Amino acid sequence: MVEFSEKEGKEPEIPDTLPVLPIRDIVVFPYMIIPLFVGRDISINAIDNALGSNRMVMLLTQKDMGIETPGQNDLYRVGTVGLIMRMLKLPDGRVKILVQGIAKAKVLDFIQAQPFFKVVIEKLPEEKPKELTIEDEALLRTVKEQLDKAISLGKSIIPDVMVVIENLNEPGRLADLVASNLGLKTEQAQEVLQIADPISRLRKINDILGREIELLIVQQKIQTEARGEIDKTQREYFLREQLKAIQKELGDIDERAEEMREYQAKVDKAKMPEKVQKEAEKQLRRLQKMHPDSAEGATIRTYLDWLVELPWSKSTKDHLDIKKAEQVLNEDHYDLEKIKERILEYLSVRKLKARMKGPILCFIGPPGVGKTSLGKSIARALGREFVRVSLGGVRDEAEIRGHRRTYVGALPGRIIQGLKQAGTNNPVFMLDEIDKIGMDFRGDPSSALLEVLDPEQNNTFTDHYLGVPFDLSNIIFITTGNMMDTIPGPLRDRMEIIYLSGYTEEEKLGIAKNYLVTKQLDAHGITGKMLKITDDALRVVIMQYTREAGVRNLEREIARLCRKVAREIAEGKKKEFLITPKNAGKYLGVPKFLPEEEMEKEQVGVATGLAWTEAGGEIIFIEATIMKGKGSLTITGQLGDVMKESAQAALSYVRSRAASLGINEDLFSKTDLHIHVPAGAIPKDGPSAGITMATAIASAFTGRPVRKDIAMTGEVTLRGRVLPIGGLKEKSLAAKRMGIKNIIIPRRNAKDLEEIPKYVTKDVNFIPAETMDEVLGLALVKKSARKAEKKSEKSRKSRKAA
């Protein structure tokens with residue numbers, strides 16, 4: 001809207017009758033120039049008539065803008081005479097005109113209704129005061145100042161209009177111009193238009209401006225409060241915050257109140273410790289003050305969700321029936337008496353004392369012996385939840401302690417995650433593969449576990465993400481591993497170590513009969529009537545198709561056998577099968593393992609040793625041979641430094657005992673010695689092959705064979721003393737698997753025989769030895785026996801030739 005100046009031209013003469021142009025939602029004041037879009041037939045006809053004569057129309061505002069076809073009573077009687085300056089016909093049939101208000105007029109009578117309204121009018125002349133009083137000038141100045149203040153508070157008025165207003169000193173013109181630019185409601189603007197007296201009209205405008213300023217002040221206050229809550233650059237949040245502030249002014253309920261009440265109810269229901277509850281309520285208060293869509297608000301919500309979902313006070317009640325717990329353990333696992341006894345001891349103490357710290361057990365043993373499944377059985381026997389976390393390959397300390405909340409995507413550590421998964425604060429918590437934890441620039445997870453696995457400290461374990469202590473003392477921690485060497489000493493010191501040795505043939509037979517066969521029959525949809533496997537057939541599978549400390553491969557072979565049978569049943573060839581040692585090969589193929597050839601006869605320079613590996617005990621054959629040379633020693637077979645040094649010590653011992661062994665001392669300087677341990681692609685090391693090497697060397701130099709029914713283990717000194725070793729149980733089980741009947745062990749290991757099962761000691765003869773002389777006396781074939789054997793062999797050859 002712009003102002004029309006009277007100085008630009010003489011005011012045109014206004015006729016007494018004019019066509020009427022009804023307008024909606026706007027009041028046109030004199031000297032206003034405004035574009036109008038006309039679409040109704042009655043209005044278009046009025047414009048066509050005006051353009052054909054003096055281009056003037058009477059602009060009357062409708063009382064109700066919703067009426068499409070207004071009548072005489074639907075139009076105000078006071079309006080403005082307008083001059084059509086321009087006209088443009090639009091493609092959609094409407095007409096766009098540019099109209100300039102000329103003067104106010106009053107309708108005296110309607111003289112035509114169709115095809116357009118035509119009225120008789122009376123011009124309302126503007127009463128111009130002859131001289132402005134002080135009060136009038138003060139009113140003029142007040143209106144201008146209030147208009148400036150409204151603009152400073154955010155009211156939008158075109159700058160060109162403000163220039164005109166500053167130069168106006170006529171009360172009527174000023175009132176009309178201000179009214180046309182304030183965006184008044186139709187009724188309010190019409191009321192101003194109908195006031196004839198300019199001073200009265202200006203006073204009305206002054207009152208309207210005063211109220212407008214009050215509204216702008218409140219609006220600015222609302223906007224300021226809203227903008228203070230959020231970043232000024234986040235324009236999309238402004239309208240939402242403005243609505244929130246308006247609701248606050250009106251006393252409406254805050255939309256976020258319900259969410260805050262829900263969080264408060266969850267905090268109360270979680271029954272947190274006092275310190276934790278204070279932290280939760282502190283974060284809840286922070287959340288209430290934040291914008292609901294802010295990034296930090298989302299972080300706090302996630303944090304509160306973790307706090308309220310953790311089992312601070314939820315625990316399961318232990319089943320304290322000792323006999324029932326023992327029955328459950330026996331149902332799930334064969335043998336393992338020590339571990340079962342330890343769990344029953346814990347239950348017994350728990351029955352006598354309600355409040356006690358959970359034990360921290362560490363199961364060490366080769367793969368496949370049931371360490372992980374044993375943890376599940378313990379949880380079932382106690383009636384507790386079971387959680388398993390694998391630590392193999394973990395290198396980041398945050399995996400245990402959690403990430404700090406400042407990081408994007410931060411989460412609690414695996415301990416807290418496991419507790420949330422369990423839903424109770426006293427589960428059986430298994431930390432699998434604890435011997436395979438790594439370490440790099442991100443920290444040392446094994447050091448972080450020191451607090452978790454220390455009964456004196458873990459009652460106040462603090463995860464970095466939570467930032468508040470959680471009591472872990474009610475948890476039964478069970479860790480598992482294959483070997484102790486890679487577990488740091490301080491961590492090992494905090495755990496109760498329980499060793500699980502490899503299974504013997506009898507134990508594997510019992511496990512297969514009681515667990516594995518039933519499990520695989522069920523997995524393959526076969527009933528016990530369809531397939532029966534004899535004990536002897538299972539022994540064949542154990543001895544000739546598997547060679548392991550555990551039973552994983554045994555289970556695979558039984559599953560393979562079940563698949564073969566299932567196929568024949570599905571093809572309708574046969575419905576019942578009996579697996580015996582004779583037909584086992586038909587289903588399983590050629591045996592994978594057979595007795596070693598060296599075990600079938602006694603040889604010179606070949607001794608049978610026993611070794612410990614991660615998979616259990618194994619037998620190794622150490623070969624020694626001599627040849628003409630200059631006294632050099634060659635060692636092959638990928639031996640480690642310890643075994644190489646054992647070979648050097650064994651050779652030195654044999655040379656020092658040359659006289660008593662009947663060896664010519666010159667022989668050592670004229671012959672080269674080669675020691676080899678077969679399976680050259682497999683690295684070998686350890687301190688238990690000394691006496692085996694010494695025996696093989698002594699046999700090579702004396703020409704006396706080593707007894708084929710004897711295996712040995714132990715370290716040797718230069719003085720010939722036999723030093724103790726570890727892993728005796730695993731080694732003895734390996735010897736039994738190979739059918740060896742005699743084992744030479746260090747005398748100081750005799751105490752360990754109590755831990756070896758009776759069915760092993762019944763079939764295997766353990767011979768303690770304190771010196772190397774005793775070992776050689778037992779292991780090497782006597783000369784007289786050797787002569788008799790040679791004579792017998794010569795006799796057999798002659799008979800064969802005859």
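The following questions and answers concern a predicted model. Local features need pLDDT of at least 70, side-chain atom pairs count only at pLDDT 80 or more, and totals for chains, interfaces and linings use all residues. Residues are numbered from 1 along each chain as its sequence is written, and side-chain values use heavy atoms, with hydrogens and water left out.

User: What is the mean pLDDT of the chain?

Analyst: pLDDT is the predictor's confidence in each residue, from 0 to 100. In this chain, 91% of the residues reach 70 or more. The mean pLDDT of the chain is 83.

User: Is helix 9 roughly parallel or roughly antiparallel to helix 10?

Analyst: Helices are DSSP runs (H or I, at least four residues), numbered from the N terminus. The axes, lines fitted to C-alpha atoms over the stretch in contact, with angles from 0 to 180 degrees between N-to-C directions, come within 10 Å for helix 9 (residues 274-289) and helix 10 (residues 295-309) and cross at roughly 155 degrees. Angles under 35 degrees count as roughly parallel, over 145 as roughly antiparallel, 65 to 115 as roughly perpendicular and the rest as oblique. Helix 9 is therefore, relative to helix 10, roughly antiparallel.

User: Which helices hold R380 and D332?

Analyst: The side chains of R380 and D332 form a salt bridge at 2.9 Å, N to O; the term requires a side-chain nitrogen of Lys or Arg within 4 Å of a carboxyl oxygen of Asp or Glu. The pair ties together parts that are 48 residues apart in sequence, because R380 lies in helix 13 (residues 371-382) and D332 in helix 11 (residues 322-332).

User: How many salt bridges does the count come to?

Analyst: Side chains of opposite charge can pair when their charged atoms come close. One of the salt bridges joins R380 and D332. By the rule above, the count of salt bridges comes to 31.

Conventions. Helices (H or I, at least four residues) and strands (E, at least two) are DSSP runs, numbered from the N terminus.
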